[in-house]
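Trainee: Hello! Could you help me learn to read a protein structure, one feature at a time?

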Amino acid sequence: MRHFIVLLVLLGVCEGAKFGQLCSGNPTNQRRTSDKWGMGHYGAPRGSTRKHKGLDIKCQDGSEVYAPFDVELVRKVIVYNDPKKAAINNGIQLEGEGLCFKLFYVKPDKTSGRVKKGKKIGVMLQMQKVYPGITSHVHVQMCDGTNPTPYF
Ligand code: ZN
């Protein structure tokens, strides 16, 4: 039995941090699947050479965005260099549950300090203005570039 428990811990079954609700209107963190602009899973193709480095969680423009755990706000994130994408060129880097991660397309209320799980940290930006017809979403990206999907 003890070996079995050790195995579960090694597999991350017992201690996996799970993201709480990220966006108002999406209590189960439903993911963006596929739309005319692409797919939302980690590793999805982006053009011929790049890959999607995060996981996209559905979030309608203007929705409130919540802290998925008790978190520390680390800094503001600039998503794009392209001025045509200025409407959604904002995000925030967070730490919580031992994880460092970034949320893209969010206008943060503030960029330092601590916030309790479920409290508002910002507002979903107007993604339809830049990508008409896309499934509007918060992009979740781990700071080390690894796959965030196991945390959902
Ligand atoms: Zn994304």
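Mentor: Gladly. Let us begin with metal sites: a donor is an N, O or S atom within 2.8 Å of the metal, and water is not among the atoms, so a site may look incomplete. Please keep in mind that this is a predicted model.

Trainee: Which residues coordinate the zinc ion here, and through which atoms?

Mentor: The zinc ion is held by His52 through NE2, Asp56 through OD and His139 through ND1, at 2.0 to 2.1 Å. Along the sequence, these donor residues follow the spacing H-x3-D-x82-H. Asp56 belongs to strand 5 and His139 to strand 13, so this pair ties together parts that are 83 residues apart in sequence.

Trainee: Are Asp56 and His139 buried or exposed?

Mentor: For that we use a cut-off: a residue is called buried when its relative accessible area is under 20%. Asp56 has a value of 1%, so Asp56 is buried. His139, at 5%, counts as buried too.

Trainee: Next, disulfides. What is a disulfide?

Mentor: A disulfide is a covalent bond that joins the sulfur atoms of two cysteines. Searching the whole structure turns up two of them. If you number the bonded cysteines of the protein chain in sequence order, the pairing reads 1-2, 3-4.

Trainee: Where does the disulfide of Cys23 and Cys59 sit in the chain?

Mentor: The sulfur atoms of Cys23 and Cys59 are 2.1 Å apart. This pair links distant parts of the chain, 36 residues apart: Cys23 is in the loop between helix 1 (2-11) and strand 1 (34-35), while Cys59 is in the loop between strand 5 (55-58) and strand 6 (64-66). Cys23 is buried, with a relative accessibility of 1%, and Cys59 is buried at 3%.

Trainee: Why is the disulfide of Cys23 and Cys59 called right-handed?

Mentor: Look at the torsion about the S-S bond: for Cys23 and Cys59 it is about 80°, so the disulfide is right-handed.

Trainee: What about Cys100 and Cys143?

Mentor: Cys100 and Cys143 also form a disulfide, with sulfur atoms 2.0 Å apart. Cys100 lies in strand 9 (residues 99-104) and Cys143 in the segment after strand 13 (137-142), so to speak of their separation in the chain, it is 43 residues. The torsion about the S-S bond of Cys100 and Cys143 is about -70°, so this disulfide is left-handed. Both cysteines are partly exposed: Cys100 has a relative accessible area of 25%, and Cys143 is at 32%.

Trainee: Which strands form the open sheet of three strands?

Mentor: Its order is 6-12-10, with antiparallel pairing. Strand 6 and strand 10 (106-108) each have a single partner strand, so one side of each is left without a neighbour in the sheet. Neighbouring strands of this sheet are turned by 40° against each other on average, ignoring direction. Strand 6 and strand 12 (residues 120-124) run antiparallel and are joined by three bridges. In this pairing, Glu64 stands opposite Val123 of strand 12.

Definitions and conventions: Residues are numbered from 1 along each chain as its sequence is written. This is a predicted model: local features need pLDDT of at least 70, side-chain atom pairs count only at pLDDT 80 or more; totals for chains, interfaces and linings use all residues. Side-chain values use heavy atoms; hydrogens and water are left out. A disulfide is a pair of cysteine sulfur atoms within 2.5 Å. Helices (H or I, at least four residues) and strands (E, at least two) are DSSP runs, numbered from the N terminus. Buried means under 20% relative accessible area, exposed over 50%, partly exposed in between (1.4 Å probe, protein chains only). Donors are N, O and S atoms within 2.8 Å of the metal (3.2 Å for Na, K and Ca); water is not among the atoms, so sites may look incomplete. Two strands pair if DSSP finds at least two bridges between them. Axes are lines fitted to C-alpha atoms, for helices over the stretch in contact, and angles run from 0 to 180 degrees between N-to-C directions.
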